[in-house]
Structure formats: structure tokens, C-alpha cells
Amino acid sequence: MIKKSLFLAAIISQLTISCSSDDHSETTEQPLNEEMYLCSFDLRNQIPDVHAQNNKTAKSGSTIESWTGWKTGQTIRIKFLDGDVTDHDIVKRIAVEWTKYANLKFEFVPATENADIRIAIIQGAGAWSYMGKYTNTPQQQKLPTMRLGQVSKSFNEEAARRTILHEFGHALGLYHEMKNPTSTIAWNRAKAYKYFDQYSQEEVDRQIIEKTDINRTNYSKYDPLSIMHYYIPSSITLDGIGVTAQNDLSEIDKRFIEKQYPRDLKLSLYPGERLDRNNKLSSPNDNYSLFVEVNKLKLYNYKDCKQEGEFLANIKFNNFTSTKEYLEIIGNKLLLYKGSVPRTLFEHPNPLFKIDYITLSDSGKINLISQGILQSSIEMPK
Ligand SMILES: [Zn+2]
């Protein structure tokens, strides 16, 4: 039995997301290019304990910003210290995926300008990143805050995604998922030290095995699918359960980073508006959100950290992933579009009836309001 969770570095006295659902997880082993995947020197930017003490009574929403240094909604300036345009383009294309979910913007600037994140492609060894914002004084401008390696060399999309998304996760404040306070990895320490023998035992303990103090982290349920998790072969655990390598942001990665760098809540959808890939509808208690992803309208439960329902779009005539989905109210109907092809989710029998707006209830149902009255409530299919 594996408990799932994910956590983000922050100094908080209250845990805003804390899930405890149980899950069974089977893993299979797969080969991995370790050099591309392991971070050699993560977590250099640990904050001193005195800082944590000073923030004991602060609320989570603001302390996470003060810890990581990034303010929700801000533009983070990023530059490359070396590497060529091919490397740069790969990094830009993949890294920006975090900003689909986090309310942050990435601006890539020339190497001559000041930047918050400074990426070394060639100099140094391994892949690593500081956590959160690091000093960006003029003297620091030639020193990297992240190293990625030459991603264009014998290019492999999966390996590049694994490294780039992982290191940018650290830059946004995420710890290694293995260190989640609720992780249940049954380490065989002797074998783990041997497996990670390019590092000292102290480094393996600190960066991979030891769980993070719950008073200094904000976390949700342990998530073996997180991009922040290392590949763990079953041969270095006592119970024979390993963790496969990940190349993408997991569902929990996406929803968790959304919570840490939130956009303003959208509580209603009106005729003439669309719920598309750029926004989402939230319940007033913020426990649920409704949003579109490829071919689907999805309902996510933040409290239990899981998807709770979905409607499939009508993809019979149009199943290209690039064709956009959106939810729209038209007269007496609530329609889920895939390109120009709608699927009717609700239709009032009277064609003259007008839906004024929809909301998402605190229990995750889609409420249809007309003339100030709740006319119907739709429960999403599981
Ligand atoms: Zn790492």
C-alpha cells in the first residue's frame, strides 16, 4: 500500500493541502539515463532555521512566496550563460509548461541582461538547480543557478523533458518527491548507497532518503508519478516496490503548483464566455475546479488530490489533439466543444429557456442558474 503525496518547500505552520487516500501502485523497471536525470547539487538554497522560526505564525499563502522568493503573477527573468540556440529552444519550449499551471511568467532575456534564473548548459557537471529565487546581484550574473547539460546532444525528447521539467520544478520551490513526509518507500539503505555511489552517504540521505520536516514544507499526498521523483529500482527497496521514471508533470504536480501560485478564482461562466485551456471554474470553497484538457472536461478534487469526474468531448469527427476544447452556454444548452463539434451536456426542453450562468458547487456539481434560480445540477460522471 502506498500513500500518495507531493510537497513544496515553504515555511508554514499550517498545511493547506493534506491528502490521505490510499492507493495501490505497481511499478516496472525501465532503463534510465542517470546522468541526465540525477540532480547533483540540489537544495543548496536551504533557508536557515531562524528564518523558519520568524515565520511560524504566517499564513501559508504568503510564506511560500517569501520562501521561494517568487511572487504569484510575477515575471521570472531567465537567461542562458552558454549553449547554442538549439539547446535554448528546447529548454524554452519545455520549461514553459509549468506556467500553464503556475501563475508565473517566464521571460528569456539575452545573456548580457540581469536574470533571476541563469542556466549553464555546458559548464559544470550533472543537472541541478537552486530552489526558489537566488541572489541576482550584478556580481552573481555570470554564475549559474541551474545546470541542464547539453540537451540537444543525441537529443531524446523524454530525457530532455525529464531533466528540464524536474530542474524547473526545483526552481519553483519543489523538493524531491521521495522526501515527501508521507512517502512510504522502504529503502534498503545499504543498496541505495551503492546504487547512488557517485554521491556520499550524507548526500544520499539529505537529498534522496530523509523526509522533509512537516513544519517546513507544504505538501500533498505522496505521488510516485511526480516529475520530482527519481527513478527507484525495486532492487534497492526492502519490499521490492520501485518507482518508474517520469517524463511529464503528473496530475498532482499540475494541481499542486496551481495552488501554490494561484490565479484569481473564476466562480461563474456566462454566455459569451468560454471555459478553455486558459482558465478554470472554481467552487467557492476552492475544493473543486472544472477545466478542459485534451478531449475532456474534467472535475478535480483538491482536498483528496484526485480527478473526480469527466465528460468526453465529441471526438468522432475531430480527434486532433491540437483542436481546442471549450465549454460554452448557448441559450438553453450547455455545450462542450471540440473545435466546431459540440457535445450537449445539458438541454432545457423549452427552446426559449435561457441559462444565465453556471457555477461549480462546493460539492463539485455544475449548477445551472436562470432568473436567479438554480434550475438544474449536473453531477459529473466518474
Ligand atoms: Zn532534483
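Two strands are taken to pair if DSSP finds at least two bridges between them. On this basis, the predicted model contains an open sheet of three strands in the order E15-E16-E17, and the pairing is antiparallel. Strand E15 (325-330) and strand E17 (341-347) lie at the edges with a single partner strand each, so one side of each has no neighbour in the sheet. From one strand to the next, the twist averages 25°. Six bridges link strand E16 (residues 333-338) to E17 in the antiparallel sense, and Lys333 is placed opposite Glu347 of E17.

Strand E13 (residues 296-301) includes Lys296. With a relative accessible area of 26%, Lys296 is partly exposed. Beyond its neighbours within four places in sequence, Lys296 is in contact with Phe291, Glu310, Phe311, Leu312, Ala313 and Glu325. Of these residues, Glu310 is joined to Lys296 by a polar contact of 3.5 Å between the side chains.

In the helical part of the model, helix H7 (residues 201-209) has Glu203, Val204, Asp205, Gln207, Ile208 and Ile209 buried. These buried residues of H7 pack against helix H6 (189-195).

Confidence in the prediction was also examined. The chain has a mean pLDDT of 79, with 80% of its residues at 70 or more. Over residues 1-66, pLDDT stays under 50, and for this stretch the model has 213 contacts beyond four places in sequence.

Note on methods. Residues are numbered from 1 along each chain as its sequence is written. Side-chain values use heavy atoms; hydrogens and water are left out. Buried means under 20% relative accessible area, exposed over 50%, partly exposed in between (1.4 Å probe, protein chains only). Helices (H or I, at least four residues) and strands (E, at least two) are DSSP runs, numbered from the N terminus. Contact means heavy atoms within 4.5 Å. Axes are lines fitted to C-alpha atoms, for helices over the stretch in contact, and angles run from 0 to 180 degrees between N-to-C directions. pLDDT is the predictor's confidence in each residue, from 0 to 100. A polar contact is a pair of N or O atoms within 3.5 Å; within protein, one must be able to donate a hydrogen and the other to accept it, and residues adjacent in sequence count only if both atoms are side-chain atoms.
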